[in-house]
Amino acid sequence: MSIPLRVADFDYALPTDLIAQAPAPERDRSRLLVLERQTGALRHRTFRDLAEHLVQGDLLVINETKVFPARLFGRSERRHAVEVLLIQEAEGDSWEALVKPSRKVRPGDRLLLADGRIEADVLEKRGEGRHLLRLACDGRLSDLLWRFGQMPLPPYIKRQGLGSMVKGLASTSSDTLNPKPSTLSPGLLDRERYQTVYAKHEGAIAAPTAGLHFTLELIETLEGRGIEFAPVTLHVGPGTFRPVRVERVDNHRMESERYVVPEQTALAIKSARSEGRRVIAVGTTTVRTLEHAARDGEVRAGAGVADLFIYPGYRYKIIDGLVTNFHLPRSTLLMLVSAFAGRETILAVYREAIARRYRFYSYGDAMLIV
């Protein structure tokens, strides 16, 4: 009988100055650590060298979700300052949201957000900071969010004057002198760079960060070499980042996230697998989409709700390779990657990355595992 995995088995020590506070000067100038699963061989490259590690016929599956500026600031009618992170639309004109400070808000309150341009009536209090809000505004809500909202960055990315709503991420500071990719203000920079170049379908409150390294030029280069692309959409919610609060890994439960697999993508994956070509997921959100949508060894087209928790012992059904960033200690994302390449292997690779001063987390560097 095997010994159950503990969350502590996925811990590692990361110097805080390796937590990337800004993206690389250019998307594809991030570093790329290539891991060959069968041999354990490592190669240290840059992301724009990705084509050298792919072969004609490889199918890259990308997540086309689009992050929206879901963080709003305002006050309650009882004069309490509040911060609201919209998670997803519920029934009617209501939204599920995280509200901070939760203890200052109760059902029946009205919140005045975005300089009073958006009113939010608190309908329910659902625990862990979650509330059901009914929103009212003059004009289209989406337009107001893009005008007054702020991008929902994870709290390890520090921005002056910005609070944090996504619970459970490492709240460490960083003294690193991260590269400044442009003269844009941090808010405008994040709107541009905390978004993939192929984002289409609005609904995520966190970026599928493995895709942040792609440029349109790199995609064109890859397609010119016979590498194919196929899209899915999974709207990343707070469940992806919810901390694992149990001791045993198998006692954790993932929150659900909505996804769509287009018919053409399902057919492309079926064709690639039948012809012996590799299916390479760009990001852990794509992995969870494909593996959840898999039935009898095939990815089924359509909409679904992914609550799949992947950790060592899971048998992958679809993917042959993975593009991913470096993830937080003790996180479900690290467990997913460890299930693909082996826990001890991944922790050893992370130690190598730390020794070579790779940049970690959302704005950090990338791995390719093939």
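Me: Arginine 43: buried, exposed or in between?
Reply: Arginine 43 is partly exposed, at a relative accessible area of 35%. Buried means under 20%, exposed over 50%, and partly exposed in between, with a 1.4 Å probe and protein chains only.

Me: What kind of model is this?
Reply: It is a predicted model, where local features need pLDDT of at least 70, side-chain atom pairs count only at pLDDT 80 or more, and totals for chains, interfaces and linings use all residues. Residues are numbered from 1 along each chain as its sequence is written, and side-chain values use heavy atoms, with hydrogens and water left out.

Me: Which residue does arginine 43 pair with?
Reply: Glutamate 36, in a salt bridge at 2.5 Å, N to O. The criterion is a side-chain nitrogen of Lys or Arg within 4 Å of a carboxyl oxygen of Asp or Glu. Glutamate 36 is partly exposed, at 27% relative accessibility.

Me: How many salt bridges in the whole structure?
Reply: The search finds 27. One of them joins aspartate 11 to arginine 330, with the closest N and O atoms 3.5 Å apart.

Me: What does that pair tie together?
Reply: Aspartate 11 sits in the segment before β1 (31-35) and arginine 330 in the loop between β18 (321-325) and α6, so the bridge connects parts 319 residues apart in sequence. Strands (E, at least two residues) and helices (H or I, at least four) are DSSP runs numbered from the N terminus.

Me: And what about aspartate 121, which arginine does it bridge to?
Reply: Arginine 134, with the closest N and O atoms 3.7 Å apart. Aspartate 121 is in strand β9 (residues 118-127) and arginine 134 in strand β10 (residues 130-137), 13 residues apart. Aspartate 121 is buried at 16%, while arginine 134 is partly exposed at 35%. Salt bridges with shared partners join Arg110, Glu119, Asp121 and Arg134 into one network.

Me: Switching to helices. At what angle do α6 and α7 pack?
Reply: About 115°, with axes 7 Å apart, for α6 (residues 332-341) and α7 (residues 343-355). Axes are lines fitted to C-alpha atoms over the stretch in contact, and angles run from 0 to 180 degrees between N-to-C directions. The two helices are therefore roughly perpendicular, a class that covers 65 to 115 degrees.

Me: Which residues meet there?
Reply: Leu334, Val337, Ser338 and Ala341 in α6 meet Arg343, Thr345, Ile346 and Tyr350 in α7, where contact means heavy atoms within 4.5 Å.

Methods: Angles under 35 degrees count as roughly parallel, over 145 as roughly antiparallel, 65 to 115 as roughly perpendicular and the rest as oblique.
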